[in-house]
Amino acid sequence: MLPTFEPAVLPDDAHALREEVRSFLRGEIAAGHWVPRANSWTIFDEGFSRRCGEHGYIGMTWPKQYGGRALSSMHRFVVIEEMLAHGAPVGAHWIADRQSGGQILQFGTEEMRLSILPRICAGTCYFGIGMSEPDVGSDLASVKTRGERTNRGWRINGTKVWTSGAHRANYLIALVRTEPKTENRHAGLTQFLIDLKRPGLKISPIENLAKERDFCEVVFEDYEALDDEVLGGAGQGWKLVTHELAQERSGPERFLSDFNLLVELVRKLQGSGSAEKDIGRMVARLFALREMSISVAGMLARGISPDLQAALVKDHGMQFERDLPEEARLLAPMEPSVGTSDPYEQQLARTLLFAPSFSLRGGTREVLRGIITRHMGLR
Ligand SMILES: Cc1cc2nc3c(=O)[nH]c(=O)nc-3n(C[C@H](O)[C@H](O)[C@H](O)COP(=O)(O)OP(=O)(O)OC[C@H]3O[C@@H](n4cnc5c(N)ncnc54)[C@H](O)[C@@H]3O)c2cc1C
């Protein structure tokens, strides 16, 4: 089956929403609350998240009784596109807004929904993703963290790794093996809501290339989970985790991480008259990706699962994000430095330090291409 990207049109009121978000973000920058940065969806800023909550920019598609605004994925697309394009520090609420809140809405208990979703919408409750483990990233069905039945619920032991934001988050949604592995390797897995403030957890931040500590190792040592902290029922973990991954892979952050570098590159080259064609090629790629991504948002709004299209956007988006700093280095060569006051040098340095992770986080290039070929019936 050949992938199709049906053109999707943003709703009329999305334009007014875009203007409103732009004005909010420009006000934030003018007030000196933060400076626009590349890869801003990994930057944790609780104050900014709270202000986003006050403006209703988190959990926008969720029902009103849980703090949401019952708007469409297209409205959400507009808001996050503006946030990313302005390099806003959305990291604190990012995972909760993008995927964990949706998991709770669809698969959690009513009590969970009522106690957690309004706090996510207010920008005060943050989540991590508990999938990867040492030696288990791409092949998630092989997770070794195990949950054993107790009188009160479950006892969990094992290790998760590369868990973004776990040292600052309130909760984690963890994939755990609750039945021994059988021939059906996708059976016997369960997703749990993990309270990161509860005993039985050791959370150790890991330093990345940029010397920032935004992901962690999380060790479970006899962590006690209650029965009503199981999402979607014991043994349903595979179905739930694949649903979660589709949300994780489908957004514009997969090609807008280094948008601010492009902006600074254009500023740097302004008037030089030397790079119009190269810049034009990059902007054309960006616009094609944007149209594809809007199409994915349109599919989500119509309740269609965009697995194939999301994988294609992430694969092409990741390649664009990897190419951009290399092109920039050729067009405006300079020694990148994070500490410099020159915004171009700063964005270039930050992007170069994060670029190696672009083809790993959220699923590697090879794994995505496996999904693409399978959906196209090529294997
Ligand atoms: C910045 C960053 C943040 C992250 N945050 C999180 C997080 O919050 N939560 C979380 O759970 N994880 C997180 N991860 C982990 C990430 O999801 C994994 O690194 C990724 O899924 C790859 O897993 P791995 O590192 O175990 O590599 P492996 O799976 O060991 O892969 C190693 C190499 O083998 C290739 N490969 C593997 N299987 C196949 C196959 N079947 N066919 C062909 N090639 C294959 C891969 O493409 C890759 O090139 C993060 C990673 C990064 C870089």
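How do the residues of the lining of the largest cavity divide into nonpolar, polar and charged? The lining comprises six nonpolar residues, one polar and one charged. Ala, Val, Leu, Ile, Met, Phe, Trp, Tyr, Cys and Pro count as nonpolar, Asp, Glu, Lys and Arg as charged, and the others, Gly among them, as polar.

The model is predicted: local features need pLDDT of at least 70, side-chain atom pairs count only at pLDDT 80 or more, and totals for chains, interfaces and linings use all residues. Residues are numbered from 1 along each chain as its sequence is written, and side-chain values use heavy atoms, without hydrogens and water.

A search of the whole structure finds one cavity of 30 Å³ or more. A cavity is a set of points on a 1 Å grid over the protein atoms alone where a 1.4 Å probe fits but cannot get out. The volume of the largest cavity is about 50 Å³, taken as the space filled by probe spheres set on the points. Its lining residues (an atom within 4 Å of a point) are Tyr57, Val79, Ile80, Met83, Val90, His93, Trp94 and Asp97.

The protein has twelve helices and eight strands, as DSSP runs (helices H or I, at least four residues; strands E, at least two). Buried residues (under 20% relative accessible area, 1.4 Å probe, protein chains only) make up 53% of the 379 residues. Among contacts (heavy atoms within 4.5 Å) between residues at least 6 apart in sequence, 74% join residues at least 24 apart. The C-alpha atoms fill a box of roughly 70 × 45 × 40 Å along the principal axes.

Terms used. 1 Å grid on protein atoms, 1.4 Å probe; cavity = no way out; pocket = protein on both sides within 12 Å on 5 of 7 lines; lining within 4 Å. Buried < 20%, exposed > 50% of the residue type's maximum accessible area, 1.4 Å probe, protein only.
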